[in-house]
Amino acid sequence: MYFVKVYVTYKESVLDPQGEAVKGAVHRMGYEEIDEIRIGKYFEIKVAKSDHPIEEMIEKICDKLLANVNMETYRYEITAMEEV
């Protein structure tokens, strides 16, 4: 079994309005030194052993469902889990 963490964020060239709103709130709290905040998505996926290569499977899931590859980038971490 595998445990996969997927992180999806806007590309640097894409404006992040939600991140800008949070940054404004942080500035109003008095933390003017905060220069940038970007908001993203986080997914945890448990994958049973399969004949399909795990990296290929996760790449397809990210490309087709979890991320809008025109505007977002993603990265993932795969960890093998011990079977119970």
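Leaving aside its neighbours within four places in sequence, which residues is A67 in contact with?

1. A67 is in contact with V8, C62, E72 and Y74, once neighbours within four places in sequence are set aside. Contact means heavy atoms within 4.5 Å.

2. This is a predicted model, in which local features need pLDDT of at least 70 and side-chain atom pairs count only at pLDDT 80 or more, while totals for chains, interfaces and linings use all residues. Residues are numbered from 1 along each chain as its sequence is written, and side-chain values use heavy atoms, with hydrogens and water left out.

3. The protein has two helices and three strands, in the order β-α-β-α-β from the N terminus. These are DSSP runs, numbered from the N terminus: helices are H or I of at least four residues, strands E of at least two.

4. A67 belongs to the largest nonpolar core, a set of ten residues that also includes V8 and C62. Such a core consists of buried Ala, Val, Leu, Ile, Met, Phe, Trp, Tyr and Cys residues joined through side-chain atoms within 4.5 Å. At least two core residues come from each of β1 (2-10), β2 (40-47) and α2 (54-66). The most come from α2, which gives four.

5. Of the 84 residues, 23% count as buried, that is, under 20% relative accessible area with a 1.4 Å probe, protein chains only.

6. The C-alpha atoms fill a box of roughly 50 × 30 × 15 Å along the principal axes.

7. Among contacts between residues at least 6 apart in sequence, 71% join residues at least 24 apart.

Note on methods: Buried < 20%, exposed > 50% of the residue type's maximum accessible area, 1.4 Å probe, protein only.
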